[in-house]
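Please read each point beside the coordinates.

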Amino acid sequence: MPKPHVALLGLGTMGAGMAGRLLSAGFPLSVYNRNAERAKPFAERGASVANSPRDASLNAEVVISMVADDVASREIWLGPNGALAGAKSGAVLIESSTLSVGWIKELAMNASRGNCELLDAPVTGTKPHAESGQLLFLVGGSANALDRVRPVLSVMGRDAIHLGPTGSGALMKLVNNFLAAVQAVSFGEALSLIDAGGLDHAKATSILTEGAPGSPILKRVAERVASGDFTPHFHLSLMAKDVTYAIEEGRRRQVNMQTATAALSTFKQAVASGLGEKDFAAVVQAIGHPPAKSA
């Protein structure tokens with residue numbers, strides 16, 4: 001069977017990797033990015049570059065969005081030249097950005113008015129995972145719609161887990177990210193205490209990363225600290241946004257998010273100190289004594 005025509009809206013750190021995977025797998029692809037320069041490499045590989053989200057989605061059977069936040073998502077779907085104005089009846093719309101649950105539910109209602117189905121399908125993973133097709137899609141919405149688009153998702157990710165009705169994927173992603181943020185901040189505090197106490201930095205870090213606390217996030221942050229390289233795979237400012245959405249969702253559900261609130265305070269401090277465009281692991285630099293680079 002012929003591959004479905006896909007539109008991908010947003011060619012940032014994650015969207016670019018996803019678009020590359022779709023082209024490599026031979027999917028007919030339309031792309032849109034607010035900064036058109038980012039679309040040129042994909043045009044050279046055969047993608048159709050659209051001037052608006054509406055134009056990108058006109059002939060697409062699957063429309064995927066990967067943007068920064070609720071504001072950007074609202075603009076790309078519902079703006080004057082938004083994708084919903086061009087999406088054809090029966091298309092499956094996939095919102096893979098990390099967004100608030102409330103906005104996802106509003107977007108799903110708008111999609112249904114156009115006889116389209118929305119899947120909220122944010123991803124775990126960063127730039128290398130997007131480029132290598134190893135993302136994990138966390139999916140809310142219709143199981144039937146997910147089955148229809150699995151061939152598309154399979155070239156971009158290692159799996160797509162159906163978590164329940166609309167909003168379930170968005171909620172799971174917020175849980176995932178606030179927990180990662182709390183671990184990163186806790187590790188930064190641990191490093192500051194290690195340094196202040198005069199412990200051997202490399203030995204202490206090895207004990208933590210190889211012992212019970214050694215989660216994948218802790219190991220990743222430790223590697224960034226050791227190298228001193230905070231080139232963004234996931235921007236610190238975006239992590240701050242995600243934790244904000246998680247706290248708001250907790251408040252709406254009457255869940256007291258104390259550790260998330262404390263972590264957000266540190267992330268806001270990091271953004272205010274100019275670290276927002278670095279990798280989120282750079283949050284350790286905003287805590288107490290910035291850890292020294294390992295030998």
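Predicted model: local features only at pLDDT ≥ 70, side-chain atom pairs only at ≥ 80, totals over all residues.

1. Gln 254 is found in the loop between α12 and α13; helices (H or I, at least four residues) and strands (E, at least two) are DSSP runs, numbered from the N terminus. Gln 254 is exposed, at a relative accessible area of 78%, where exposed means over 50%, buried under 20% and partly exposed in between (1.4 Å probe, protein chains only). Although Gln 254 is not a glycine, its phi is positive, at about 60 degrees.

2. Residues are numbered from 1 along each chain as its sequence is written, and side-chain values use heavy atoms, with hydrogens and water left out.

3. Asn 115 is not a glycine, yet it has a positive phi of about 60 degrees.

4. The helices on either side of the Gln 254 loop pack against each other: the axes of α12 and α13 come within 9 Å and cross at roughly 150 degrees. Axes are lines fitted to C-alpha atoms, for helices over the stretch in contact, and angles run from 0 to 180 degrees between N-to-C directions. The angle makes α12 roughly antiparallel to α13; angles under 35 degrees count as roughly parallel, over 145 as roughly antiparallel, 65 to 115 as roughly perpendicular and the rest as oblique. The crossing of α12 and α13 is left-handed, meaning that the near helix is turned anticlockwise from the far one by less than a right angle, while clockwise would be right-handed.

5. Which residues of α12 and α13 meet? From α12 they are Leu 236, Ser 237, Met 239, Ala 240, Val 243, Thr 244 and Ile 247, and from α13 they are Ala 260, Thr 261, Leu 264, Phe 267, Ala 270, Val 271 and Leu 275; contact means heavy atoms within 4.5 Å. The residues of the contact of α12 with α13 comprise 11 nonpolar, three polar and no charged. In this classification Ala, Val, Leu, Ile, Met, Phe, Trp, Tyr, Cys and Pro count as nonpolar, Asp, Glu, Lys and Arg as charged, and the others, Gly among them, as polar.

6. Helix α9 (residues 168-196) also packs against α12 (residues 236-252), their axes coming within 9 Å and crossing at roughly 120 degrees. This makes α9 oblique to α12, and the crossing is left-handed. On the α9 side the contact is made by Leu 171, Leu 174, Asn 177, Phe 178, Ala 180 and Ala 181; on the α12 side, by Met 239, Asp 242, Val 243, Tyr 245, Ala 246 and Glu 249. The residues of this contact divide into nine nonpolar, one polar and two charged.

7. The axes of α9 and α11 likewise come within 9 Å, crossing at roughly 50 degrees. That makes α9 oblique to α11, and here the crossing is right-handed. Ala 180, Gln 183, Ala 184, Phe 187 and Leu 191 of α9 make the contact with Ile 217, Leu 218, Val 221, Ala 222 and Val 225 of α11. By class, this contact has nine nonpolar, one polar and no charged residues.

8. The largest nonpolar core has 64 residues, and those with the most contacts inside it are Leu 93, Val 221, Phe 267 and Phe 280. Such a core is a set of buried Ala, Val, Leu, Ile, Met, Phe, Trp, Tyr and Cys residues joined through side-chain atoms within 4.5 Å. Elements that each supply at least two residues include β1 (6-9), α9, α11 (216-227), α12 and α13 (258-275). The largest share, 11 residues, comes from α9. Apart from this core lies another, of 34 residues, among them Met 14, Phe 27, Ala 145 and Met 156.

9. Thr 205, in helix α10 (residues 201-210), counts as buried at 13% relative accessibility. Not counting residues up to four places away in sequence, Thr 205 touches Phe 187, Leu 191 and Ala 222.

10. Leu 136 lies in strand β8 (residues 135-140) and is buried, with a relative accessible area of 11%. Its C-alpha atom is separated by 5.9 Å from that of Arg 158, 22 residues apart along the chain.
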